Amino acid sequence: MPKYVTDAIRTIALVGHGAAGKTTLAEALLHQAGAIPAPGSVEKGTTVCDFDPLEKEFKHSLASAIVNFAHLDTHIHLIDTPGYPDFLGQSLNALAAVETAAVVINAQNGLEMVTQRMMQWARERGLCRMIIVNKIDAENVDLPGLLANIREAFGKECLPINLPAGGNQKVVDCFFNPSGESDFSSVENAHRALVEQVVEVDEKLMELYLEQGEISAEQLHAPFEQALRDGHLVPVCFVSARNGAGVAELLDVFAKLMPNPAEGNPPPFYKGEAANAVEIRAEPDPKKHVLAHVFKIVIDPFVGKLAAFRVFQGTIRRDSQLFIGDGRKPFKVGHLFLLQGKEHVETDACVPGDIAAVTKVDEIELDAVLHDTRDEDNIHLKPVQYPVPMHALALELKRRGDEQRLSEVLHKLAAEDPCFRVDHSGNETVISGLGDLHMRYILDKMQKQYHVEVATKPPRIPYRETVTAKAEGHHRHKKQTGGAGQFGEVYLRIEPLARGKGFEFVDAVKGGTIPSQFLPAVEKGVREVLTAGPIAGYQMQDVRVIVYDGKHHPVDSKEVAFVAAGKKAFLDAILKARPIVLEPIVNIEINAPEANMGDIAGDISAKRGQISGTQSAVAGMVTITGRVPLSELNNYQARLKSVTAGQGSYVIELSHYEPVPAHVQQQLTSQHKQVEDEQ
Ligand SMILES: Nc1nc2c(ncn2[C@@H]2O[C@H](COP(=O)(O)OP(=O)(O)O)[C@@H](O)[C@H]2O)c(=O)[nH]1
Ligand SMILES: [Mg+2]
């Protein structure tokens with residue numbers, strides 16, 4: 001058994017913008033807790049968390065890394081996450097494994113894009129949040145100004161729990177033993193503000209406080225946890241991961257104030273299919289049956305597949321037999337590991353709150369739920385909302401004969417990364433991610449780790465087709481070929497659905513005019529059209545098909561006949577329902593020097609785009625957000641590079657689909673016709 005119990009566990013994700021110092025801070029915390037003899041450095045590539053060869057080369061984190069250590073009477077599981085927008089998939093998955101999101105802010109840069117996003121995402125997931133202001137040792141930092149900015153952006157509930165002192169060389173505690181001088185503002189006031197914020201969640205305590213003017217730290221514990229859970233308090237700590245200021249104090253805050261697994265908001269699990277799913281709550285009870293969630297997959301060339309999971313309920317032992325989601329066949333755990341960066345440390349049991357891993361179980365996929373009772377199948381955790389990757393590249397192999405290998409490698413990469421997608425459209429293999437940096441990393445990894453050489457080119461734009469009016473469709477399929485004939489007749493109606501609703505098939509046949517055993521055949525025929533629409537050959541969406549009448553023949557009616565009739569009746573209806581082509585519109589976030597702002601904005605408007613906001617978090621740089629049709633972004637990376645002398649970068653994600661302008665539709669239709677004619 002582990003040497004600690006669930007109540008002693010703290011699970012914390014270090015999140016926030018790239019270069020805030022998360023990896024360095026993880027190093028400082030490990031060192032302070034006595035888990036490593038000396039802190040390593042990101043620059044030298046000697047940290048516990050940035051252990052991947054590509055991370056050492058890029059000199060920043062690309063994937064989440066997990067460490068654990070003991071402090072006071074607690075056991076802390078810490079997840080270090082990458083902060084660049086291109087690698088957000090790996091930061092978001094960490095949020096599913098922890099009670100606390102610790103948002104690290106770079107004191108030199110102030111609030112940055114990912115800072116804001118993470119504050120919001122963590123809140124939406126119901127996590128307890130804290131803010132860690134790092135780099136207080138750096139030159140030209142304005143800490144009082146930053147604290148004011150934090151409170152303005154994220155609310156008055158952001159209150160300092162310690163304050164910089166001695167010229168940013170250390171911190172003074174404002175909660176447990178509020179005494180001493182800080183570099184700015186009063187320790188006593190900070191203490192009072194914290195206590196007053198906390199007692200607000202408990203009326204009785206509030207009365208007591210008003211009477212006595214003070215409340216003991218013990219009495220404050222439970223309401224403190226509640227305030228964290230309710231988002232009514234976001235403690236702010238100051239540190240320097242470089243000179244160690246505030247690191248010991250931060251460890252104490254983790255141990256004494258951050259929630260244990262019973263004190264946080266447990267993420268909801270759901271049991272059952274989509275609309276009928278009922279919410280169930282896991283209880284952090286080691287005696288109940290097992291519920292664990294796989295939040296991270298790593299495919300290591302030497303170790304094979306590693307699945308990192310968070311235990312939410314029950315105890316997992318080496319000899320446990322676990323089921324994977326719906327799977328009927330359990331696997332035996334065998335070896336159970338705690339992770340320390342790249343090291344795997346064998347352990348014999350994990351309790352609720354533990355973050356651990358198993359290796360070599362190929363059936364486990366990202367987001368799988370592990371459990372130990374046959375009837376607990378069909379359980380999933382509230383899904384993490386990942387950005388939909390839209391930065392796509394079509395791949396071409398440099399060597400013939402590598403096809404099989406390429407497909408295996410892409411499969412492995414996709415298994416690890418929730419924001420990396422592989423699609424095969426026509427004879428093209430298209431990979432997509434969040435941005436240029438993301439794609440470069442993937443291509444690098446393909447080449448260096450897997451030795452697959454590919455060339456890339458811009459892919460086909462994933463246009464869609466839909467209809468804009470209701471219409472009727474009919475087809476009678478009749479064939480007399482020598483012996484048995486084929487007969488099937490279908491009447492249907494189609495209706496446009498709201499954008500993004502996909503496809504609905506409704507059986508409204510009365511009196512068995514189409515016998516029920518043939519309806520799947522009709523649906524199959526209709527679905528054949530969905531994959532390639534009639535006007536430009538793109539996927540159809542946002543349409544409801546209602547089959548309401550037809551005819552059959554007792555001898556000649558066959559499945560093939562109804563497949564054909566369904567397909568043709570649907571095509572018939574589409575052409576009468578004012579079909580249109582839709583194009584993907586993406587949210588874009590461009591990071592560039594302020595001086596290039598005008599050029600970039602002009603360029604985006606010329607691309608039929610719209611700018612919705614600009615933000616200047618880092619001096620001299622701006623973040624421009626807006627929307628642009630994806631089709632206008634071919635080669636945008638190269639263009640942005642030339643406009644910004646190499647300093648600009650951007651990420652995109654799918655926003656929604658919109659009708660294309662008429663001339664584009666014409667062009668796409670005639671291209672499609674040409675291809676069809678050639679065939
Ligand atoms: N001056 C100063 N630099 C720091 C501090 N913490 C980290 N850094 C530097 O900031 C850079 C980014 O650090 P890193 O840990 O990779 O940031 P991450 O992207 O948030 O993981 C590195 O060059 C670190 O040496 C700090 O407390 N003070
Ligand atoms: Mg890092």
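**Notebook: sheets, helices and a ligand shell**

I started with an open sheet of seven strands, ordered β2-β3-β1-β4-β5-β9-β6, and its pairing is mixed. The model is a predicted one. I looked for the edges next. They are β2 (65-71) and β6 (158-160). Each has a single partner strand, so one side of each is left without a neighbour in the sheet. From one strand to the next, I noted an average twist of 25 degrees.

I then followed one pair inside this sheet. Strand β4 (residues 100-106) and strand β5 (residues 128-134) run parallel, joined by seven bridges. I picked A102 and looked up its bridge partner in β5, which is M130.

What packs on this sheet? I found α9 there. Helix α9 touches β1 (9-15), β2, β3 (74-80), β5 and β9 (234-238). Its direction makes about 155 degrees with that of β9.

**Entry: α1 and α9**

I stayed with α9, which covers residues 247-257. As a reminder to myself, two packed helices are described by the angle between their axes and the distance between the axes. The axes of α1 and α9 come within 10 Å and cross at roughly 80 degrees. On the α1 side I listed A28, L29 and Q32. They meet V247, A248 and L251 of α9. Sorted by class, this contact has five nonpolar residues, one polar and no charged.

**Entry: ligand 1**

Which helix gives the most to the shell around ligand 1? It is α1 (residues 22-32), with three residues. I counted 19 residues around the ligand. Those that come nearest are G21, K22, T23, T24 and R242. By class, the shell has five nonpolar, nine polar and five charged residues.

**Entry: α6 and α8**

I checked another helix pair. Helix α6 (residues 187-199) packs with helix α8 (residues 217-229) at an angle of about 80 degrees, and their axes are 8 Å apart. That makes α6 roughly perpendicular to α8. From α6, the contact takes V195, Q197, V198 and V199. From α8, it takes L220, P223, F224 and A227. I sorted these by class and found seven nonpolar, one polar and no charged residues.

**Entry: the four-stranded sheet**

I moved on to an open sheet of four strands in the order β28-β29-β32-β30, with mixed pairing. Which strands stand at the edges? They are β28 (471-479) and β30 (503-507). Each has a single partner strand, so one side of each lacks a neighbour in the sheet. The twist here averages 25 degrees from one strand to the next.

For H477, I found G488 as the bridge partner in β29.

A helix lies across this region too. Helix α12 (residues 519-531) lies across β29, β30 and β32 (543-551). It runs at about 155 degrees to β30.

**Entry: domains**

Last, I noted how the protein chain is divided. Domain 1 takes two stretches, 6-158 and 234-257. Domain 2 covers 274-381, and domain 3 covers 391-460. Domain 4 is 465-577, and domain 5 is 584-663. How many Å separate the centres of domain 3 and domain 4? Taken over C-alpha atoms, I read 37 Å.

Key. Residues are numbered from 1 along each chain as its sequence is written. Chains are lettered from A and ligands numbered from 1 in the order in which they are written. This is a predicted model: local features need pLDDT of at least 70, side-chain atom pairs count only at pLDDT 80 or more; totals for chains, interfaces and linings use all residues. A residue is near a molecule or strand if its C-beta atom, placed from the backbone, lies within 6 Å of it. Helices (H or I, at least four residues) and strands (E, at least two) are DSSP runs, numbered from the N terminus. Ala, Val, Leu, Ile, Met, Phe, Trp, Tyr, Cys and Pro count as nonpolar, Asp, Glu, Lys and Arg as charged, and the others, Gly among them, as polar. Axes are lines fitted to C-alpha atoms, for helices over the stretch in contact, and angles run from 0 to 180 degrees between N-to-C directions. Angles under 35 degrees count as roughly parallel, over 145 as roughly antiparallel, 65 to 115 as roughly perpendicular and the rest as oblique. Two residues are in contact if their C-beta atoms, placed from the backbone, lie within 7 Å. Two strands pair if DSSP finds at least two bridges between them. Domain bounds come from an automatic or database domain assignment.
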